Amino acid sequence: MASKDKKKDNQKEEKWKKILFTIIPILIVIAVFVVGILINNNQQNDEKNVAYTQLIQDINDGKIEKVEMTVGSTSVKLKYKGEEEEKTAIVPSTQAFVELVQEKTQDDNTENDIELIQKPRNVFASMSEAIIGLLPTIILIILVILIIQMQGLGDKGKVYDPDISQDKITFKDVAGLDEEKAEMMEIVEFLKRPEQYTKMGAKTPRGVLLCGKPGTGKTLIAKAIAGEANVPFISMSGSEFVEMFAGLGASRVRKLFEKAKKVSPCIIFIDEIDAIGSRRTSSSGADTENNQTLNQLLVEMDGFDSDQSIIVIAATNRPEMLDEALLRPGRFDRTITIALPDLRGREEILKIHSKNKKLAENVDLKSIAGDTAGFTGAELENILNEAAIIATNKKHEAIKNSDIEDAVKKVTVGLEKHNRIVSEKDKKLTAYHEAGHAVVSRYLETQKDIKEVSIIPRGIAGGYTMYKTNEDKFYVSKTEMEEKLISLLGGRAAEKVALDDISTGASNDIEVAMKIARDMVTVYGMSDKIGPMSIDLEKDPYQIQLLGNNLEDEIGKEVKTILETAYERAQMLLRAHRDKLDAVALKLLEKEVINEEEFEQIFE
Ligand code: ADP
Ligand code: ZN
């Protein structure tokens, strides 16, 4: 409670600051104007000042004896015949004025001779003159900058003053995601006792990239890490960097890290990092601005001292968009994918978010979890809120099963447009498709082991097959590439073999396969027919002259053969192991997600 009051006080203070910062510049502007007008009036009243038209007149009339000018200044000193006091005048163009005076002097009438003195530039005088001349402009510019900073950007206060969270969220508040939490435990340990790690000379973690759809709990888990380690959580969204004026993005990144260094150990959370971390381009304009921001982020991440215990957690839904530089060692070198929750995860999320709600005794969260395949944590939370509203409107004592079902319907109708409801038929198709990838890979020597197979929709894909990552490799053999193609086309092959129909679900697989097959022929020179050649007609159209006109046809034929062979082999494998294919698909339909052990069991 006390902390909340403090927050309120702070807000009040902020408000006053804002008002002050708005009023003061306005007052200064008015003052400058008033002073300016007064000075101007004064000058006009000054008797020593001669107007230019008057001056011309006086020159023509031969009243002037001497003119004194300074290079670079439009202000001239005049001595009138028979007068003691010197007068001044401002001339619009010094050159024109000099010509005019000289013309007069060259006139035959020697009476009209004017003594013309041209003094070298007085550096100090002209400088101060220039400064005085520019003063109003300078003041105005400073004021505009001040006002923009205080007002416009001040609204996004949490950017300058990153939000240091006070409500403690821990892993208990995060349902499911057990493996992810376990992986994050290491970071928690590090934040709790950074000295121990550094004393040992251990390379400390630095950046973690969380990938997943909006609402899957990326922010939540980042906050929970901070809560578990009991360190401040400083957050900012990538899009906030982008909206800003040129150059400010980078400086804001710098400020963010400065802030973090002050409160270290801590967590910096950057949501929507793709907004600043997209692939750098060499072009100009908005992109350059983005590049600067991204470069600054890289500089900051590289610049941590080993005694600064700052973990940067970034979230994105589009990891493929990110600049590779971000993913290098010492930056975001860990990627954790947050998938949509599975059946058990959904039930847990529903449980967590129904804690503060009045549920009727007989509410069956498990069955609701069963009806909500493909929902994110945020959507499930939303369903319970809707259910509470429906129950209130219907004047129920507590939230009933039917209220939640209504809420599910209400939310799904909104979602149906996005094709989110998974029909039984789609589920079966997806199950066979993913089982196809997994089973085919299982029988291929060079393919990675299966980590997880799922028919929970993710992104535009109906399901996914996750492979274990092996150690980094520099070279990929031809056999490995061929087998990769077989496992990629295993999804489509399974649809064909088991359901004798094919779907659009394989479009991405086929796109990737096509790219690999083409690269095999044109980049890695792996085709016997074409030979060991690197061909890029787009880059170098003259290769056609070198290599012959029907080269493109030849390449096309070769790519086609490679893909067809792979597709054939995938189907053969699946026909030979049809029982396994069915078993995996059935298991998927039953459990939605199967892990490594469950998958291997089928093959024992
Ligand atoms: P993201 O950052 O991935 O867009 P958020 O972390 O902002 O998602 O999630 C929004 C809300 O959804 C959270 O505040 C939380 O209430 C709920 N939520 C999402 N995932 C979970 C989860 N695994 N367990 C509990 N609540 C969740
Ligand atoms: Zn596929």
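At 48% relative accessibility, L134 counts as partly exposed, because that class lies between buried (under 20% relative accessible area) and exposed (over 50%), judged with a 1.4 Å probe and protein chains only. L134 sits in helix α4, residues 123-152, where helices are DSSP runs of H or I with at least four residues and strands are runs of E with at least two, numbered from the N terminus. Together with I131, L135, I138, I142 and L146, L134 forms a nonpolar patch on the surface, with about 510 Å² of accessible area in total.

The model is a predicted one, in which local features need pLDDT of at least 70 and side-chain atom pairs count only at pLDDT 80 or more, while totals for chains, interfaces and linings use all residues. Residues are numbered from 1 along each chain as its sequence is written, chains are lettered from A and ligands numbered from 1 in the order in which they are written, and side-chain values use heavy atoms, with hydrogens and water left out.

Because H433 and H437 are four residues apart in helix α17 (residues 424-442), about one helical turn separates them, and both are buried.

Ligand 1 is surrounded by 17 residues, the closest being G215, K218, T219, H353 and E381, where a residue counts if one of its heavy atoms lies within 4 Å. Among the polar contacts, which are pairs of N or O atoms within 3.5 Å, an oxygen atom of ligand 1 is 2.4 Å from a side-chain N or O atom of T219. Taken alone, ligand 1 exposes 560 Å², of which the protein buries 82%. Helices α8 (218-229), α13 (343-354) and α15 (377-393) are the elements that give two or more residues to the shell around ligand 1.

Some backbone details remain. The peptide bond from S264 to P265 is cis, with omega near 0 degrees, and P265 lies in the loop between α10 (248-263) and β9 (266-271). E272, although not a glycine, has a positive phi of about 50 degrees, and is found in the loop between β9 and α11 (274-277).

Key:
Patch = residues over 30% accessible without salt bridge, like charges linked within 9 Å, V, L, I, M, F, W, Y side chains within 5 Å. Areas by Shrake-Rupley, 256 points an atom, 1.4 Å probe, with all protein chains shown as cover. Salt bridge = Lys/Arg side-chain N within 4 Å of Asp/Glu carboxyl O. Polar contact = N/O pair within 3.5 Å; in protein donor to acceptor, adjacent residues only side chain to side chain.
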